[in-house]
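Please examine the model shown below. The paragraphs that follow lead through several of its parts in turn.

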Amino acid sequence: MVTDGAGAPGTKGAGAAGAVAVGPGAPTPADVVAVARGGAAVRLTEEALAALDSGRAFVEALADDDQPHYGVSTGFGALAVRHIPPADRARLQRSLVRSHAAGSGAEVEREVVRAMMLLRLSTLATGRTGVRRTTAEAYAALLSAGLTPVVPEHGSLGCSGDLAPLAHVALALTGEGDVRDGGGALRPAAEALATAGLTPVVLAEKEGLALINGTDGMLGMLVLAEADLHLLLRTADIAAAMSVEALLGTDAAYAEDLVALRPHPGQAAAARNLRTLVAGSAIMASHRGPDCPQVQDAYSLRCVPQVHGAARDTLAHTEVVAGHELAAAIDNPVVTTDGRVASNGNFHGAPLGYAADFLAIAVADVAAMSERRTDRFLDPARSHGLPPFLAHDPGVDSGLMIAQYTAAGIVAELKRLAVPASVDTIPSSAMQEDHVSMGWAATRKLRRALDGLAQVLAVELLTAARALDLRAPLAPAPATAAVRDALRGAGVPGPGPDAPLAPQLAAVVAAVRDGVVLAAAEKVAGELA
């Protein structure tokens, strides 16, 4: 979800206890979240410093070489045919950062920039990029000080990595451009660095290229999206359980033996959650038995485990992709352990672009099913005795009629966001970079899709909570009742005459994003899968 993150940025200091350690090993998704959203400081390990020194020694051995070495003694991209004499090689790196800091548009969210910085630092710490330890230490200090370079949204084609976004970060490291300080104030980078007691970096051979040639923006957004989707999929199960219950549906199709006939792990987890959430429901017990005329529910109720489960399995796949990428050392050229400075194509963002697009499809479908359940509540022909639009006095009151419009409009947008970005490519750099991934675009739209899913689920929760109240005196399941009560405690009223819905929806959206809905259910039902 698109968020500015929470927590005071970087108050611990780069070497403080509790800082996230950055070394040759892969950072965990939890590390990414802690730095990006929690404002955690970072520190380079002794292993990282040794690896940095080793990698730098190979670069310095080539610094005065008359033979061309890409990134050290040549131009970049289509200009790689230009040999750069030793006297101009430091200026080459400065010019690279300045020219590539060419983004445009709105500022990228603070949490994304911090995630991107952590992941670039992680690659630097492998020693495979050839930067000096002092440069890596300065990068870590910038992150730990809570100074967030201003990075415009547009500029990355996802190949060679996220060049423009990372260049804006590197520009701040050298004392140019703008940053946001820990309080969010916009300040010139040179001034903010001085206030924090940091010295701008003067780039040496290869360092400019090493700071900008990575998939770190794409990867950071994918990891944050995966963390968000874990929360939203469990919340989707909660919303669905409340809807099935309040629409007088049945949990018979969720039986363990039936679900096991199709052994997808995500499907089994979703069905288990649904069974747990509706356990003990007097509403469901009221229509169980041979006299119930409802033989089987509509797909949006009966097939919840199949759809929510497929989304879970898609998420599991993308987490494997992200895990491989977290363990990667991406640069071009890369410094090998035997001392070569070798060109490669590891900066191509296809793995991340595909993963983000795959997730956007799943997000759109989960939201589409949620909206269909909301719609059933509002139609007296399908709601099994509930008043039209769940209105207090139908005709005078419109109830939740337009809340469904909101959900429908968002779902339509999510379908557009599910169109893959990674199938597109626009050649660049005079056809040297003639195929690009659009992975940055894929992960940007995934974040917007997750925002939309949270809002669609909030509409369903608002609707289902009101419907549960309208089933009184029959009592809902303890877990779903706890969620309803949590929403009431968040300022969302129960059934009654029409009142402005936007504040109510905003309160439910906040309860979804902050985990209030999930916590209320799990306090009663235990941890959900």
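Where is the place of Ile330? Ile330 is in the loop between α14 (304–326) and β8 (334–335); such helices (H or I, at least four residues) and strands (E, at least two) are DSSP runs, numbered from the N terminus. This is a predicted model, in which local features need pLDDT of at least 70 and side-chain atom pairs count only at pLDDT 80 or more, while totals for chains, interfaces and linings use all residues. Residues are numbered from 1 along each chain as its sequence is written, and side-chain values use heavy atoms, with hydrogens and water left out.

Ile330 has a relative accessible area of 5% and is therefore buried (under 20% relative accessible area; exposed is over 50%, partly exposed in between, with a 1.4 Å probe and protein chains only). Leaving aside residues up to four places away in sequence, Ile330 touches Arg120, Thr123, Asn213, Gly214, Thr215, Glu325, Asn346 and Phe347, where contact means heavy atoms within 4.5 Å. The C-alpha atom of Ile330 is separated by 8.9 Å from that of Asp216, although the two residues are 114 residues apart along the chain.

Helix α5 (residues 133–144) has 12 residues and reaches 16 Å from its first C-alpha to its last, close to the 16 Å expected at 1.5 Å a residue; the expected span is 1.5 Å times one less than the number of residues. Nine of the 12 residues of α5 are buried, so this helix is largely enclosed by the rest of the structure. Among them are Tyr139, Leu142 and Leu143. After α5 comes Gly146, with a positive phi near 75°. Helix α15 (residues 350–378) has 29 residues and should span 42 Å; its end C-alpha atoms lie 43 Å apart, which agrees. In α15, 23 of the 29 residues are buried, and the helix is mostly covered.

A further element is a sheet. Strands of a sheet pair through backbone hydrogen bonds, either parallel or antiparallel. Here an open sheet of three strands has the order β4-β6-β7, with antiparallel pairing; two strands pair if DSSP finds at least two bridges between them. Because β4 (148–149) and β7 (186–188) stand at the edges with a single partner strand each, one side of each is left without a neighbour in the sheet. The antiparallel pairing of β4 with strand β6 (residues 178–180) extends over two bridges, and Thr148 stands opposite Arg180 in β6.
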